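These are my notebook entries on one structure. I looked up a few things and wrote down what I found.

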Amino acid sequence: MSNCFVMKCGGSTLAALPELFFEDLKQLQAEGIIPVIVHGGGPAISGTLEKLGIETEFVNGLRKTNEAVLDVVEMVLAGQINKEIVRKIQLSGAKALGLSGVDGHLIQAQPVANAQEVGLVGDVTHVNAELIRGIVAMGYMPVIAPVGIDADGGQRYNINADTAAGAVASHLGVERMIVVTDVPGILKTVNGEKQVLPSVTVHEIDEMIASGEIYGGMIPKVKAAVQCIQGAVREVVIVNGSEPGVLSKALKEGTIGTRIVK
Ligand SMILES: Nc1ncnc2c1ncn2[C@@H]1O[C@H](COP(=O)(O)OP(=O)(O)O)[C@@H](O)[C@H]1O
Ligand SMILES: CC(=O)N[C@@H](CCC(=O)OP(=O)(O)O)C(=O)O
């Protein structure tokens, strides 16, 4: 789908996204550059778990998930956050349709390799790209919450939103994925100062993970990016959502954020 791009919107930045961000989305759609949105919501999930007195813990960036945690993940991601994003897009005047990976078997998943450690966390095995194409053809922006379902339809899985977005981008065959977060790109300390890297290679990413310069929530982003660009996706750009006109700049000018290229 050469006219589509996948945008992953992180929980870290959702509350800070200015009205202009949604107007930018609408403008892109009007120009025929169609966003397919996959969102996170990690901080909101943690907040609700805390209110409910349910303990939460991360192992290598993945939330340890049991059935009680999964209920909250689904409620917050597919309910609260998904509808909040849909409302904001609709307020900008564009058409959006929210759904989770469960709807129409949109994101099929299986347990991750370290399921014994993290529980009901999923890896994506299949994406119902036809459904996404159908929604886009009807003039709606798909807004996808990263809850997956197994092939039988009996088991839900919590999927890291970066991983889910990367899988959607790969299965859809888009050229670009934009990862919207709360930092202006991948930062590296040069002469004692943090600088945004305009672009990085897979080799540099490996080095930065090994040295600890890429850590925490940036790890699933770069891993999803590296996996994506092995296939049809040409580049992944990491940008800060609160910067004005960030999407247009990333898509049309290429002058913002960090680009991860083949
Ligand atoms: N090298 C790096 N450059 C920039 N941010 C980094 C780096 N390594 C780790 N991070 C962290 O990754 C965070 C973004 O990931 P995360 O908090 O999971 O965001 P999101 O909710 O958008 O997925 C940044 O706020 C920063 O703390
Ligand atoms: C397995 C796993 O860790 N799932 C994530 C899903 C949400 C997410 O990834 O949100 P961000 O993009 O805001 O980090 C979680 O439970 O927090």
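I began with a definition: a residue is buried if 20 or more other C-beta atoms lie within 10 Å of its own, exposed if 12 or fewer, and partly exposed in between, with C-beta atoms placed from the backbone. The model is predicted, so I noted its limits: local features need pLDDT of at least 70, side-chain atom pairs count only at pLDDT 80 or more, and totals for chains, interfaces and linings use all residues. Residues are numbered from 1 along each chain as its sequence is written, and chains are lettered from A and ligands numbered from 1 in the order in which they are written.

**Entry 1: the whole chain.** I found nine helices and 16 strands in the protein chain. Helices (H or I, at least four residues) and strands (E, at least two) are DSSP runs, numbered from the N terminus. The C-alpha atoms fill a box of roughly 45 × 45 × 35 Å along the principal axes. Of the 262 residues, 45% count as buried.

**Entry 2: the annotated sites.** The UniProt annotation "binding site", from an unreviewed entry, covers Gly-41, Gly-42, Arg-63 and Asn-158. These residues are spread over 118 residues of sequence, yet they cluster in space, with a largest C-alpha distance of 12.0 Å. I kept in mind that UniProt positions are given in the numbering used here, that feature names are shortened, and that annotations may be inferred rather than shown by experiment.

I looked up Arg-63, which is found in strand E4. Is Arg-63 buried or exposed? Arg-63 counts as buried because it has 21 C-beta neighbours inside 10 Å. For contacts, I used C-beta atoms, placed from the backbone, that lie within 7 Å of each other. Leaving aside neighbours within four places in sequence, Arg-63 is in contact with Thr-56, Phe-58, Val-69 and Asn-158.

Asn-158 lies in strand E10 (residues 156–158). With 27 C-beta neighbours inside 10 Å, Asn-158 counts as buried. Beyond four places in sequence, the contacts of Asn-158 include Arg-63, Thr-65, Leu-70 and Val-147.

**Entry 3: the ligands.** A residue is near a ligand here if its C-beta atom, placed from the backbone, lies within 6 Å of it. Of the 17 residues around ligand 2, Gly-11, Gly-40, Gly-42, Arg-63 and Ala-161 come nearest. Helix H2 (42–51) and strand E4 (62–63) are the elements that give two or more residues to this shell. Around ligand 1 there are 17 residues, of which Gly-10, Ser-12, Thr-181, Gly-217 and Met-218 come nearest.

**Entry 4: the core.** A nonpolar core is a set of buried Ala, Val, Leu, Ile, Met, Phe, Trp, Tyr and Cys residues joined through C-beta atoms within 7 Å. Which of the 81 residues in the largest nonpolar core touch the most other members? They are Val-6, Val-168, Met-177 and Ile-178. Helix H3 (residues 67–91) gives the largest share of this core, nine residues. Leaving aside neighbours within four places in sequence, the contacts of Val-6 include Val-36, Val-38, Val-168 and Met-177.

**Entry 5: two loop residues.** Phi of His-105 is near 50°, a positive value in a residue other than glycine. His-105 sits in the loop between strand E5 (96–100) and strand E6 (107–111), and counts as partly exposed because it has 16 C-beta neighbours inside 10 Å.

Phi of Asn-191 is also near 50°. Asn-191 lies in the loop between strand E12 (187–190) and strand E13 (193–196). With 5 C-beta neighbours inside 10 Å, Asn-191 counts as exposed.

Terms used:
Contact = placed C-beta atoms within 7 Å.
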